[in-house]
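Colleague: I'm new to reading protein models. Could you walk me through this one?

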Amino acid sequence: MAHSKRNTSRPIFTSHERAMARVAWGTSTARLSRESFLPFASCWLCLEPAIDPVACAHGDIFCRECALSNILAQKKEIKRADKAREQEEREALEEKARRDAEAQERSIREFELTQAGLSIKRGGGASGGKEKTEPPGRDGQAENGKSGQDNGPKTGEKRKFSLDPDEVARIADEERTKARRAIDDEKAS
């Protein structure tokens with residue numbers, strides 16, 4: 001017995017299967033007659049015999065009027081697409097500026113709360129993403145139960161402070177990114 005249980009595994013079809021295939025796919029092929037081809041020197045745009053013919057570098061023939069109107073239509077479409085692209089870029093820049101301003105406002109508000117002596121904790125889903133403020137002192141202890149006294153510099157050593165503009169810019173970018181992420185998390189929940 002053949003591998004497959006269907007008749008298609010055999011090279012021979014029954015007359016009934018052949019008739020079904022004829023009905024489904026057809027046996028006649030379409031032939032291109034003389035009417036299927038454009039007459040010589042016909043415009044490729046309007047499909048009529050070319051009036052005042054012009055040819056492109058590839059040898060395609062066009063009516064001068066058809067070619068010029070097509071070029072003008074293409075230029076209008078390109079201008080329209082450029083305007084749409086510029087509008088989208090402008091809107092994207094405005095959105096980015098709005099998000100940056102919102103992130104900066106949030107950073108300032110968090111800084112002011114921190115300076116006022118309140119620590120900021122962002123709530124999960126139960127509080128609706130609102131900020132919680134708690135008095136300092138609860139977060140100050142290390143995870144292992146010790147206070148952070150062992151982590152400081154050794155006695156007798158001076159710490160040197162240097163202000164590097166690249167480091168300041170990097171920290172500012174990180175803070176903006178954190179603020180944006182917090183805003184996006186609040187909007188999502």
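Colleague: Where does Phe 161 lie?

Modeller: Keep in mind that this is a predicted model. Phe 161 sits in the loop between strand E4 (131–134) and helix H3 (165–188).

Colleague: Is Phe 161 buried or exposed, and why?

Modeller: Exposed means over 50% relative accessible area. Phe 161 counts as exposed because its relative accessibility is 74%. Together with Leu 163 and Val 168, Phe 161 forms a nonpolar patch on the surface, and the three have about 380 Å² of accessible area together.

Colleague: Okay, now the overall layout. How many helices and strands are there?

Modeller: There are three helices and four strands. Starting at the N terminus, they run α-β-β-α-β-β-α.

Colleague: How do I read the span of helix H2?

Modeller: Compare the end-to-end distance with what you'd expect at 1.5 Å a residue. Helix H2 covers residues 64–115, so 52 residues, and its first and last C-alpha are 76 Å apart, close to the expected 76 Å. Just after H2, Gly 117 has a positive phi of about 100°.

Colleague: Which residues of H2 are buried?

Modeller: Those are Cys 66, Ala 67, Ala 103, Arg 106 and Glu 110. In the whole protein, buried residues make up 9% of the 189.

Colleague: And which residues make up the largest nonpolar core?

Modeller: A core like this joins buried nonpolar residues through their side chains. Here it has six: Cys 43, Ala 50, Phe 62, Cys 63, Cys 66 and Ala 67.

Note on methods:
Residues are numbered from 1 along each chain as its sequence is written. This is a predicted model: local features need pLDDT of at least 70, side-chain atom pairs count only at pLDDT 80 or more; totals for chains, interfaces and linings use all residues. Side-chain values use heavy atoms; hydrogens and water are left out. Patches are made of residues with over 30% relative accessible area and no salt bridge: like charges are joined within 9 Å, nonpolar side chains (Val, Leu, Ile, Met, Phe, Trp, Tyr) within 5 Å. Accessible areas come from the Shrake-Rupley method with a 1.4 Å probe; for residues, only the protein chains shown count as cover. A salt bridge is a side-chain nitrogen of Lys or Arg within 4 Å of a carboxyl oxygen of Asp or Glu. Helices (H or I, at least four residues) and strands (E, at least two) are DSSP runs, numbered from the N terminus. Buried means under 20% relative accessible area, exposed over 50%, partly exposed in between (1.4 Å probe, protein chains only). A nonpolar core is a set of buried Ala, Val, Leu, Ile, Met, Phe, Trp, Tyr and Cys residues joined through side-chain atoms within 4.5 Å.
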